Amino acid sequence: MSREAKRTVDVVVLTMNDRDVEFRTAMASVLAQQGVDLRVVIVGNGVEPDYVPDGVRAVTLAENTGIPQGRNVGAEALAGGGAEFVLFFDNDAVLPAPDTLTRLIAEFDRHPHAAYVQPRIADPATGETLGRWVPRLHSSDARRSGVVTVMAEGIVLVRRADFDAVGGWPGHFFLFHEGIDLSWRFWDLGRVGWYAGDIEVHHPATNPARHKPFYRLVARNRVWVARRRLPAPLVPAYLASWIVISLWRFRSSGNLGVWIRGFAEGLRGGAGERHPMSWRTVWRLTRAGRPPLV
């Protein structure tokens with residue numbers, strides 16, 4: 001591929017200096033990508049990055065602002081450079097082949113209405129793709145590509161213009177469900193998401209509940225998503241469905257009390273500005289197979 005034909009990608013990676021080997025492997029896989037022009041930034045979330053490869057920018061945040069806000073900071077640090085895409089990339093992920101990014105970009109060319117393309121994430125040791133990594137209902141067939149209405153936030157390629165148009169990630173979410181908020185705003189822009197089940201990337205199959213605030217934040221942020229993005233009549237129906245689902249999922253975890261307190265925290269406020277999606281978007285999401293009730 002000629003230099004003139006190369007596509008431009010901003011890459012945002014966060015670090016807390018706690019995964020030295022994994023982080024170096026992740027960065028090597030990004031910098032090995034061929035056929036693209038990359039601009040890469042490492043955001044130290046509450047730390048000064050202890051590893052910054054040549055040609056890579058670094059930003060140090062005085063405190064851990066959480067994943068979505070750290071990504072916003074990284075995207076802003078690279079703003080104005082004219083990149084066509086932004087890759088948000090976990091620091092323990094790996095792009096297994098040097099043409100992974102060009103293959104993801106080709107999906108945008110085949111699906112011009114897509115605001116983001118989600119690859120299939122697989123554990124590098126087992127090859128397993130977790131259900132939560134397949135951003136649709138009926139996730140048993142992880143290799144089936146198609147339109148999706150949400151995203152697995154850890155590895156996703158986004159059109160830069162669309163990302164800027166919707167205002168980026170909901171930074172105050174800190175962790176969990178920020179991808180629902182962002183993807184719904186893309187859909188309200190008239191775009192879609194695309195899941196490329198035949199393009200594999202690697203990420204360890206870890207349990208998100210290992211994070212201490214997991215149960216509180218998933219409950220709080222679920223309320224915030226509803227209050228920020230849904231038409232008023234749908235808010236109680238959405239929350240009721242997730243109360244039932246969450247009580248079933250977490251009934252034996254011993255953390256239902258924490259979950260309930262998080263849900264109450266979300267009801268008390270803090271969701272941020274309310275910009276509900278249009279009823280047309282509700283219908284488009286429903287036609288795509290996932291009405292904004294589950």
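These are my notebook entries on a few places I looked up in this structure.

**Ground rules.** I am working with a predicted model, where local features need pLDDT of at least 70, side-chain atom pairs count only at pLDDT 80 or more, and totals for chains, interfaces and linings use all residues. Residues are numbered from 1 along each chain as its sequence is written, and side-chain values use heavy atoms, with hydrogens and water left out.

**The sheet.** I began with the strand order. I found an open sheet of eight strands, in the order β3-β2-β1-β4-β7-β5-β8-β6, with mixed pairing. Strands here are DSSP E runs of at least two residues, helices are H or I runs of at least four, and both are numbered from the N terminus. I count two strands as paired if DSSP finds at least two bridges between them. The edges are β3 and β6 (146–148), each pairing on one side only. Neighbouring strands are turned by 30° against each other on average, direction ignored; for angles, axes are lines fitted to C-alpha atoms (for helices over the stretch in contact), and values run from 0 to 180 degrees between N-to-C directions.

**Strand β4.** How many residues of β4 are buried? I get five of five, so β4 is largely enclosed by the rest of the structure. Buried means under 20% relative accessible area, exposed means over 50%, and partly exposed is in between, with a 1.4 Å probe and protein chains only. Phe85, Leu87 and Phe89 are buried on one side of β4, and Val86 and Phe88 on the other. With β1, strand β4 pairs in the parallel sense over five bridges, and there Val13 stands opposite Phe89. With β7, the pairing of β4 is antiparallel, also over five bridges, and Val86 stands opposite Val158.

**Strands β5 and β7.** I then followed β7 (155–159) to β5 (114–122), where the two pair in the antiparallel sense over two bridges. Val117 has Leu157 of β7 as its bridge partner.

**Thr129.** I looked up Thr129 in the loop between β5 and β6. Is this residue buried or exposed? Thr129 is buried, at 18% relative accessible area. A polar atom of its side chain lies 2.8 Å from the backbone oxygen of Ile121. Leaving out residues up to four places away in sequence, Thr129 touches Arg120, Ile121, Ala122, Val134 and Ala142; contact means heavy atoms within 4.5 Å.

**Helix α2.** In α2 (67–77), the buried residues are Pro68, Gly70, Arg71, Asn72, Gly74, Ala75 and Ala77. I see them packing against β1 (7–15), β2 (36–45), β3 (57–61), β4 (85–89), α4 (160–166) and α5 (178–188).

**Asp164.** This residue sits in α4. Asp164 has 46% relative accessibility and therefore counts as partly exposed.

**Helix α5.** I saw α5 lying across β5, β6, β7 and β8 (192–202), at about 145° to β5. Which helix pair did I check next? The axes of α5 and α9 (279–287) come within 9 Å and cross at roughly 110°. That makes the two roughly perpendicular, a label for 65 to 115 degrees; under 35 is roughly parallel, over 145 roughly antiparallel, and the rest oblique. Trp184, Trp187 and Asp188 of α5 meet Thr281, Arg284 and Leu285 of α9.

Methods. Polar contact = N/O pair within 3.5 Å; in protein donor to acceptor, adjacent residues only side chain to side chain.
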